[in-house]
Amino acid sequence: MSLVIPRRGPFGRPYAFVTVAIIFLALLAAAGLRWSPAVLMVPWEKAFGWSRATISFAAATGIFLYGLTGPFAAAAMQRFGIRRTVLFALLLMSGSTAMSLLMTASWQLVLLWGVLSGVGTGCVANVLGATIANRWFVTNRGLVTGLFAASASTGTLIFFPLLSLILEHGGWKPVVLTVSLGLAALIPVILFLLPEKPGDVGELPFGADADHPVPLPSKANPLATALGGLIEGSKNRDFWLLAGTFFVCGFTTNGLVGTHMIALCSDHGLAEVTAGSLLAMMGVFDLAGTTASGWLTDRFDPRKLLFAYYGLRGLSLIYLPYANFTFYGLSFFAMFYGLDWIATVPPTIALANKAFGEQRAPVIFGWISASHQIGAASAAFLAGASRTLSGSYLEAFVTAGLVALAAAAASLFIAAKRPQLVPVR
């Protein structure tokens, strides 16, 4: 299909900024789907009689496949194009979500909200942001990746209060329908407004000079490209340090807090809307914190940034079980924790670019991102199982805090030489 795309963005600005806005919306919508089980966990438990552990297993399956799909999605983008890959993902996410309106058994929950939505959201994740940033920007990449990472927190800001309100007045089915229609609405936006590369609209990457090399389309098998990236990365010490710390990032964010925070608050008598508002507050602060992290990544040593982020996160998680479980008592946690919710993404991408180069980094970062989601899946399931067995989330949150402190120390051993920073304009 031949697209009719303006050669410049609004007000004469480079089309790179339009592309950022489109991808931001796609990432936001995928985040809304990935976070929805946190809102729906208690309603599904009441409606179907499924245990918290069963629902957590479905959520964990989705998170795991969300991460595992990443490197294959990055390879598919190189082979088949970004637009086709994202369109496939939106159709899969919207369709599987809509089909869950008819589910009657727990295996259907695992299939629709675990397997299918996991693959779909995995195509619209950090690897998409990394690919767009590397393809469309030469300068200010840290800031752009920070904005893309912040899309998940913006999703909490928008979706948690909205979906909690819909849930309170209409039950779980209107929540599912809202998510499905929101994803479907993005399909024409991607189809008609997203170019494959700057050259398609007569531009160079933002900040590039006339001699900037234009990457050639890959003709390699995506499966071979993805597996080759894993083999190459596994030979590099920094790959394992980045993957290990990013495992902890997933364990301590969307796997634990994102999946179980509303249920934790419910255990202490807080209503879903109130708990959703707390997560939205985290989204507000993370939107600022992650964007600022991108700005800082363009200027400072990413290793030291990771040390600070994981250290602060660990302390906040250890504090949480001892907090006063009122809206005001939890607000302090929401502000402190929210500032670095996923602020780790820009420095992690910067270190991956430095270690593996701009062309290979998206696929290898896909595997690093997969470890993030393995960590998240582990926390989503283990915290639910722990809650089922002991009746409390105390052990899960304190353990996650201690693990985050260990990741802070490990961050200082990544990339022994200070990365060469991209000049900022």
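Buried here means under 20% relative accessible area, exposed means over 50%, and partly exposed lies in between (1.4 Å probe, protein chains only). The model is predicted, so local features need pLDDT of at least 70 and side-chain atom pairs count only at pLDDT 80 or more, while totals for chains, interfaces and linings use all residues. Residues are numbered from 1 along each chain as its sequence is written, and side-chain values use heavy atoms, with hydrogens and water left out.

**View 1. Phenylalanine 247 and phenylalanine 251 in helix H10.** Rings of Phe, Tyr and Trp (its six-membered ring) pair if their centres lie within 6.5 Å; planes under 30 degrees apart count as stacked, over 60 as edge-to-face and the rest as tilted. A search of the whole structure finds 14 aromatic pairs. Phenylalanine 247 and phenylalanine 251 are stacked instead, at 6.3 Å and 25°. Both lie in helix H10 (residues 237-252), four residues apart, about one turn of the helix; helices are DSSP runs (H or I, at least four residues), numbered from the N terminus. Phenylalanine 251 is buried, with a relative accessible area of 14%, whereas phenylalanine 247 is partly exposed at 30%.

View 2. Tryptophan 44 sits in helix H1 (residues 15-48) and tryptophan 113 in helix H4 (residues 106-123), so the pair ties together parts 69 residues apart in sequence. Both tryptophans are buried.

Key
Helix = DSSP H or I, 4+ residues; strand = E, 2+ residues; numbered from the N terminus.
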